[in-house]
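Have the structure open as you go.

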Amino acid sequence: MASISERRQSDDLYESILALKDLESCKRFFNDLCSPTERRAMEQRFEVARLLQAGTSYMDILEKTGASSATVSRVNRALQYGEGELQAVIRSRTEEGQ
């Protein structure tokens, strides 16, 4: 179980992300905070989730994204058994046409 201090650090990070004003500020923030490899991993996972939500087959996802089968399986588990927010974000962006 996370300590109160760890929860505050976590909350502070997420509140800071929410406070970013625009896309460029968000990109700069993540460029400063994360390594290129970490950013690419998050971007890849989001693309895998988007493709899974669209009904794309595992094989096509592997080919299109270069993700490992373990990554595709992990993202699929998050979509199926996670908090539901990833699905909601993808659904919202799809409805916006993005």
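## A threonine tucked away

T71 counts as buried, because its relative accessibility is 18% and the cut-off for buried is under 20%. Keep in mind that this is a predicted model.

So where does T71 sit? You'll find T71 in helix 5, which spans residues 69-81. Setting aside neighbours within four places in sequence, T71 touches Q44 and R45.

## Where helix 3 meets helix 5

As for the geometry, helix 3 covers residues 36-53, and its axis comes within 9 Å of the helix 5 axis, with the two crossing at roughly 65 degrees. The crossing of helix 3 past helix 5 is right-handed.

## What about the cysteines?

How many disulfides does a search of the whole structure find? The count is 0. Take C26: the closest cysteine sulfur to its own is in C34, 10.0 Å away, so the pair is too far apart for a bond; a disulfide would need the sulfurs within 2.5 Å. C34 is likewise in no disulfide, with the sulfur of C26 as its nearest cysteine sulfur.

Are these two buried or exposed? C26 counts as partly exposed because its relative accessibility is 27%, while C34, at 15%, counts as buried.

Technical notes:
Residues are numbered from 1 along each chain as its sequence is written. This is a predicted model: local features need pLDDT of at least 70, side-chain atom pairs count only at pLDDT 80 or more; totals for chains, interfaces and linings use all residues. Side-chain values use heavy atoms; hydrogens and water are left out. Buried means under 20% relative accessible area, exposed over 50%, partly exposed in between (1.4 Å probe, protein chains only). Helices (H or I, at least four residues) and strands (E, at least two) are DSSP runs, numbered from the N terminus. Contact means heavy atoms within 4.5 Å. Axes are lines fitted to C-alpha atoms, for helices over the stretch in contact, and angles run from 0 to 180 degrees between N-to-C directions. A crossing is left-handed if the near helix is turned anticlockwise from the far one by less than a right angle, and right-handed if clockwise.
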